[in-house]
Every structure is written in structure tokens, then in C-alpha cells.
Amino acid sequence: MAEKLTDLDLLATFLEIYRGGSITAAANRRGLTQPAVSGQLARLERELGEPLFLRGGRGVTPTARADELARRVGSHIDQLRTALDPAPAVEATVRVGGATEFMTVRGLAALAPLTRRGLRFEITLGLANDLLTALRTDGLDVVLSAVRPGEDFTATPLTDEEFLLVGPPLLARTVDQELLARDPARALEHLPLVAYSADLPIIRRYWRSEFGERPKNPTAVVVPDLRAALAAVIAGAGVSALPRYLTESALTAGAVELLHHPEVAPLNTLYVVTRGATTPATDLVVEHLRSRDWGVL
């Protein structure tokens, strides 16, 4: 059963929303999902009996009550969060590797609290196989990998990435909904694709998982960065299968739409990987990451 949130947790989330100006920024800073942050804010607003923010397309605007609350509790919450951490300081450097998109959006926010305990991080961004090779040759200490490594590594499942098929509203309007219900691959095959690489690894996996065949669609854009792929989709270049943690804000804003609604979205497991003997600092990082409530990404 999930641990009951304390008032300190709610106020800490409120401060992140207030300081960042958006639910998304607070979720990234807290290492939580946007629904989790929205739920915490809703609970705090219920307890206070009045709204703290006005929601808009570009984020949230604090009310006068929010300004007052932030002035009253901001510095105290910051001090309490540091004072209530009973863990001893750890003076060490840990070399962590991960995918650029995941580390930028979620990974670094999850690691940031450990810097207050004295840990330093050297981050390497890249493809999973390259990072696992660096781990094997002692170039890295920890890898967050979307590829399950071989038996010579110690790998623990961390969370699941959930992939969504999204496109810009104008392209979504061209899909025949009756045909989509009967034969989704055929209904979608006229849509141009925005892909991570020329062999369509993520899109191909989605098509095989959901439709039982390879995509026959034309490819409009190939770009080796999922954030850039999302930008191309928003701009109208095509459609793509992308992780929920990247697309959630664009979906909420109406910049993209879901093109397909599977009963269970395709998932890809993310692992935290180490090799051989580890150090106390490495163990601390692994345990910290494992203990987080990542939800489904």
C-alpha cells in the first residue's frame, strides 16, 4: 500500500509548481508523474478550501493565496527537507549513463536529491549498447538501460516506458475511424512517419505488437532524438510512437492527439544496471533509483 503523504510532501510539491510555473516542471523536479503532482496539488487545495493556481495553456498562474503561502512556507520547507534527511553525507563521484531523452526529462531529476548528500555525478548520454560497453570496460558505474543486458551484468527492472502512437490534429482528422476499428494498420498506412532511425525500431515494435505486421507507411523524417521527433510531429511532419513521459504535455495542450487506443499500451522495461563489485556510492544510487515511485513512463 502506498505510503500516506505528509503535509511536507504536499507543500514541497506546491513550491515546485509555484517556482517552476507548471505542473510539468514540478513533475520533472520531483521525479514524479504529472498525474501524481496534479493529485497532490488537488489534495492541498481541498485541505485549504480554495484554489492555488489558475490553469492555462502555457502553465499555471498562482493566485493571491498561493503567493501568500509561498512567502510563508518557502524557506522553512527548504530548511526542513534538508534537516529531516537523516542520511550521512557521501563524498564520491558516480558515473551514470542513460538515454538522452530519459535522462533529460526524468533521470537527472531523480538523481538530483543525492547531490545534497555530497554525491557528484558524471553523466554520459548515448545508446544503450554503447553505454553497456562502457560499463563493461569500467568507463561507467551505473547504466539506465532500455536494453536487457547479458548475464555478466547485474540488472534490476526499474520501471516501464509506455509508448503512444501520436500525430498532429490535422493528420489525425484524415484517419477513417470506421476502418480504424476494423483494420487499424490499413487505416493508418497513409500517414507519414517520424522515426528515431531508418530501421524504425520503436515504430516497428509498435506495429508488430498492436497490428501484427510491419508498417507500410512512408517515412518523412528520421531524427536520432525522441524530443526532436516529437517536435517534428507537433509541426505536422508526420506521426510517431513515443514514450508517454515525452508526449504527456503535448497531449494535454492539444498539440498532438492519440491515433490509436490499445487495451494495453506497448511497454518497454527500463533497467538499472551495474557490473561486478560495486562501491557504497554506487549502491546508494541504485537503491535510491529503485525506491522511487516511477509509475508508468
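Reader: Why is R136 called partly exposed?

Author: R136 has a relative accessible area of 46%, and the term is set by cut-offs: buried means under 20% relative accessible area, exposed means over 50%, and partly exposed lies in between (1.4 Å probe, protein chains only). The value of 46% therefore makes R136 partly exposed. This is a predicted model, in which local features need pLDDT of at least 70, side-chain atom pairs count only at pLDDT 80 or more, and totals for chains, interfaces and linings use all residues. Residues are numbered from 1 along each chain as its sequence is written, and side-chain values use heavy atoms, with hydrogens and water left out.

Reader: What makes R136 and D152 a salt bridge?

Author: A salt bridge is a side-chain nitrogen of Lys or Arg within 4 Å of a carboxyl oxygen of Asp or Glu. In the pair of R136 and D152 the distance from N to O is 3.0 Å, so the pair meets the rule. R136 lies in helix α6 (residues 128–136), while D152 lies in the loop between β5 (142–145) and β6 (153–167), so the pair ties together parts that are 16 residues apart in sequence. Helices (H or I, at least four residues) and strands (E, at least two) are DSSP runs, numbered from the N terminus.

Reader: How many salt bridges does this rule give?

Author: The count comes to 12 salt bridges, and among them is the pair of E47 and R43, at 3.2 Å from N to O. E47 and R43 both lie in helix α3 (residues 34–48), four residues apart, about one turn of the helix.

Reader: How do you know how α11 and α12 lie relative to each other?

Author: Two packed helices are described by the angle between their axes and the distance between the axes. Axes are lines fitted to C-alpha atoms, for helices over the stretch in contact, and angles run from 0 to 180 degrees between N-to-C directions. Helix α11 (residues 226–234) and helix α12 (residues 244–253) pack at an angle of about 25°, with their axes 10 Å apart. Angles under 35 degrees count as roughly parallel, over 145 as roughly antiparallel, 65 to 115 as roughly perpendicular and the rest as oblique, and α11 and α12 are therefore roughly parallel to each other.

Reader: What makes the position of α1 against α3 another case to name?

Author: Helix α1 (residues 7–20) and α3 pack at an angle of about 110°, with their axes 9 Å apart. That value falls in the range from 65 to 115 degrees, which makes α1 roughly perpendicular to α3.
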